[in-house]
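Hello,

Here is the structure I said I would pass on. My notes follow below it.

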Amino acid sequence: MTSQSTSANPLKIQARVIGALVLRETKVTFGAVQMGYLWAILEPVLGTAILTLIFSVVTRHPPIGTSFALFFATGIITYQLYSKLSSSLMAVFEANRGLMAYPLVKEVDVVIARFLLITMTYLFVFIVFFGGLILLGVADFPARLHIVLAAISFVALLGLGAGLINAVLLLLWPTWRRVEAIITRPLFFISGVFFIPDAFPPDIRYILSWNPLMHAIDWLRTGYYSAYSSETLDVPYMMGYVGILLVIAFAMERIYRKHQK
């Protein structure tokens, strides 16, 4: 009876497979390290704290508000979420090649499992870091929490699209890993991690506005700061970009998979 109902529900089977893959991914990634999963949260938290300390020394005041830690954290942690997804998903097929022999495991399952693990980990990072700032009295609760959560969701989807395209390109051309690292290196400096786009002249703002990650970081800040609004922010452009990127990414994965069979 149980096996009949299970076989008639492929969505339930896929959900169980993805759940098992998330547990396996957690064990493989963090099981061999002392303090395991805790490091996944502490590492970006401590990294952000150090960068915040450095920039608070060299800069007189943050572009928004009075808290250096809050301003840089809204940029750095958001950027790290995208960067982690984009780079980690690139190697997802390579790392799980052995699992593809199992009939129940599909390529898209291992992608979603790693995507969920990284996104949930960074949600903890956001909660720990911003919760700590609020408890210390150097930050307020987000003015519009729903916008903050929406911005984080779109950053995660942006990382999923970029990471899946990277994964397919890496299968086709192993050198892509090095090329991608060079191409995306400037992103850290042009995505609004350390500045707000409205501070630049219109010509520079126009060039920066092609970067969807900059819009996502700016959107998150409009949600966190009650008095901040941005003239450069273009939410429809960012949503359209993410939608098209995901369509291209999953189409590439499907076409590649068909050619392999």
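Buried residues account for 46% of the 261 residues in the protein. Buried means under 20% relative accessible area, exposed over 50%, and partly exposed in between (1.4 Å probe, protein chains only).

A word on the source. This is a predicted model, where local features need pLDDT of at least 70, side-chain atom pairs count only at pLDDT 80 or more, and totals for chains, interfaces and linings use all residues. Residues are numbered from 1 along each chain as its sequence is written, and side-chain values use heavy atoms, with hydrogens and water left out.

Now the fold. The protein has 12 helices and zero strands. Helices (H or I, at least four residues) and strands (E, at least two) are DSSP runs, numbered from the N terminus. The C-alpha atoms fill a box of roughly 65 × 40 × 35 Å, taken along the principal axes. Of the contacts between residues at least 6 apart in sequence, 74% join residues at least 24 apart. Contact means heavy atoms within 4.5 Å.

Asp109 is buried yet has no salt bridge. A salt bridge is a side-chain nitrogen of Lys or Arg within 4 Å of a carboxyl oxygen of Asp or Glu. The nearest side chain of opposite charge, Lys106, is 5.9 Å away. Here Lys and Arg count as positive, Asp and Glu as negative; His and the chain ends are not counted. Neighbours within four places in sequence aside, Asp109 is in contact with Gln14, Val17, Ile18, Leu21 and Leu104.

Best wishes
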